[in-house]
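Let's take a walk through the pockets of this protein. Have the model open and follow along.

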Amino acid sequence: MAKFSPKKFIKEKIEELKKKIKDKKALVATSGGVDSTVCAVLTKKAIGDNLVVLFINDGLMRENEAEEVKEVLKKYEIELEVWDVEDNFFDSLKGKIDPEEKRKAFRETFYKILGQAVRSYSADFLIQGTIAADIIETQKGIKTQHNVLSQIGLNPAFFGLTIIEPLKELFKPQVREVAKELGLPKKVYERKPFPGPGLATRILGEVTRDRVEKIRKATKIVEEELKEKEIFQAFPVLFSDKATGIVEGKRLLGDIISIRAVISEDALTAEVVKIPWDRLFKIRDRILKEVPGVVKVLYDITPKPPSTIEYV
Ligand code: XMP
């Protein structure tokens with residue numbers, strides 16, 4: 001196979017997007033991840049001001065994400081629209097425990113809101129950053145990735161959408177090359193994957209505001225401590241069960257947090273990172289100190305397969 005040329009890919013995709021969208025309007029929903037950011041920039045180059053870029057604040061993002069995305073897109077003269085719709089997501093996730101039920105609830109809320117957004121901006125197309133791994137995982141029946149609608153029997157037309165997926169033949173390393181070629185900053189092209197359903201994939205059991213707040217705090221710590229480029233993803237997960245601990249000399253039923261750090265090429269398989277004990281201890285100490293109510297911190301040593309990367 002010929003070596004992938006990001007330059008050629010960009011040129012061809014811009015032409016293709018121009019041909020498909022013509023003088024109509026398109027919408028990209030971005031989370032600030034490399035895939036959706038690349039989609040936003042490619043589409044901006046193709047159709048200019050006929051593009052709307054939307055950040056759906058679902059309450060399941062990491063700290064300061066909207067601000068960071070705004071900053072990155074400014075350079076490309078893209079004004080970010082922000083919709084604060086946390087309540088919709090928390091309401092739909094309420095009482096749900098089963099991973100696929102949570103995914104379904106997230107997905108349906110997400111696409112309902114996207115449908116509203118497409119109508120409210122009179123957009124004719126939705127541009128989505130689906131990549132090859134998302135499609136393969138869903139086809140194999142491993143997980144219904146939130147963005148692979150057609151694979152799960154949902155008709156985009158039901159939500160009033162016509163979808164274009166410019167990156168669907170690419171794997172993550174190629175998307176990163178495209179991002180770099182587009183002049184996006186290192187923090188975007190080296191950004192670690194973050195799943196569409198956000199922090200909800202890192203919470204076992206019910207997703208509530210309180211529990212999201214806990215995992216958000218722990219996520220910040222793990223990301224600060226495990227930044228290396230070689231690490232594909234590093235994150236904490238909040239368990240649904242509680243464990244007995246001792247806090248200030250008293251018995252306390254507290255939370256259990258598991259840390260996961262993996263190396264992977266394409267997310268289809270993964271191996272665990274051998275983190276030195278002193279660094280693990282530092283993460284442990286920070287979590288115990290900075291995240292209230294945690295009494296156990298674990299390090300997950302399971303490869304994919306049989307585990308998946310996320311817990312949900
Ligand atoms: P798993 O957990 O299936 O994850 O081993 C493989 C890769 O996909 C990411 N992931 C998702 N990405 N929507 C996404 O955009 C999703 O619903 C989703 N679920 C998992 C995960 O973080 C890992 O990089």
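How many nonpolar, polar and charged residues are in the lining of the largest pocket? By class, 4 are nonpolar, 3 polar and 16 charged. Here Ala, Val, Leu, Ile, Met, Phe, Trp, Tyr, Cys and Pro count as nonpolar, Asp, Glu, Lys and Arg as charged, and the others, Gly among them, as polar.

## Ground rules

This is a predicted model, where local features need pLDDT of at least 70 and side-chain atom pairs pLDDT 80 or more, while totals for chains, interfaces and linings use all residues. Residues are numbered from 1 along each chain as its sequence is written, and side-chain values use heavy atoms, leaving out hydrogens and water.

A pocket is an open set of points on a 1 Å grid over the protein atoms alone, where a 1.4 Å probe fits, with protein on both sides within 12 Å along at least five of seven lines; lining residues have an atom within 4 Å of a point. Volume is the space filled by probe spheres set on the points, which are joined across faces, edges and corners.

## The largest pocket

The largest pocket holds about 660 Å³ of space. Of its 23 lining residues, Arg 62, Glu 68, Arg 191, Glu 223 and Lys 227 lie nearest the centre. Helix 9 gives the largest share of that lining, 5 residues (helices are DSSP runs of H or I, at least four residues, numbered from the N terminus).

## The second largest pocket

This one has a volume of about 360 Å³. Its lining has 14 residues, with Pro 173, Arg 176, Tyr 189, Glu 190 and Lys 229 nearest the centre. Helix 7 (residues 172-181) supplies the largest share, 5 residues.

Notes: Helix = DSSP H or I, 4+ residues; strand = E, 2+ residues; numbered from the N terminus.
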